[in-house]
Amino acid sequence: VVMALAACSPAKDKNNTLTDQEVKDGWKLLFDGQTTDGWHLYNKGKVPSAWIVVNGELYCKPDGKLAHGDLVSDSTYQNFDLQFEWKLIKYGNSGVFIDVQEDTAIRTAWASGPEYQLLDVSNPDYSTLDKRSGCLFGFFPQLNAAETKPAGEWNQSRIVQKDGKVEFYLNGVETLKEDFTSAAWADTVANSHFSKFPEFGKHTKGEIGLQDWSKGVSFRNVKIKEL
């Protein structure tokens, strides 16, 4: 009887957990699957917001009843391997920022932190090559063609930064390679519309940010390993 009961028990949800080997290798969860611990609204601190936890997902509710804003990590990171899964509703739009500088003189996270773009394939902006998922938003098209899964399906993403050298991956495909310490990058920023933001792209250490576009984005299995 005991064996039969055990066989009928539901499988343990492995999302938002680390294996023993991952722990030994230095991975840490940035989202525990139950709370928003470790995160706060940019320039607003730990206040109730549209970022809530639903069914093990860090979800940004697309309504106006709660405070909206980009969610940023309590800790700062410099050299790291960041991995996460995400999904969007139809027409959805969001992003993940790195090297965010939190300062009341900087009104929004994207004014300092370069963005790993997240975009649903049905969004009109998807036709713009430097706005597709896995791109460094507003700068470069995908280094290698990578498909975004349909709305409601989970995508896997990875951002690696080491000594200012950055790599993006989408569903296992490398989509960006850039050096934030190079003169070429500084020139690229200077000749872009981001040039009006004096702190943009000039840092190789900062907070990690999740963008709120009121488009129903969800995250899970967010983990980081400092290099």
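How do the residues of the lining of the largest cavity divide into nonpolar, polar and charged?

## The cavity

This is a predicted model. The lining of the largest cavity divides into five nonpolar, three polar and three charged residues. A search of the whole structure turns up one cavity of 30 Å³ or more, and the largest cavity has a volume of about 30 Å³.

Its lining includes the run Thr 148, Lys 149, Pro 150, Ala 151, Gly 152 and Glu 153, together with Asn 155. Trp 86, Leu 88, Leu 119 and Asp 120 also line the largest cavity.

## The largest pocket

The largest pocket has a volume of about 340 Å³. It is lined by 19 residues, of which Gln 83, Glu 85, Gln 156, Asn 221 and Lys 223 are the closest to its centre.

By class, the lining of the largest pocket has nine polar, five nonpolar and five charged residues.

## The second largest pocket

The second largest pocket holds about 230 Å³ of space. Among the 16 residues of its lining, Trp 110, Glu 115, Phe 137, Gln 211 and Trp 213 are the closest to the centre. At least two lining residues come from strand S7 (93–100), and at least two from strand S8 (115–119).

Seven residues in the lining of the second largest pocket are nonpolar, five are polar and four are charged.

Key: Residues are numbered from 1 along each chain as its sequence is written. This is a predicted model: local features need pLDDT of at least 70, side-chain atom pairs count only at pLDDT 80 or more; totals for chains, interfaces and linings use all residues. Side-chain values use heavy atoms; hydrogens and water are left out. On a 1 Å grid over the protein atoms alone, a cavity is a set of points where a 1.4 Å probe fits but cannot get out, and a pocket is an open set with protein on both sides within 12 Å along at least five of seven lines; lining residues have an atom within 4 Å of a point. Grid points are joined across faces, edges and corners, and a volume is the space filled by probe spheres set on the points. Ala, Val, Leu, Ile, Met, Phe, Trp, Tyr, Cys and Pro count as nonpolar, Asp, Glu, Lys and Arg as charged, and the others, Gly among them, as polar. Helices (H or I, at least four residues) and strands (E, at least two) are DSSP runs, numbered from the N terminus.
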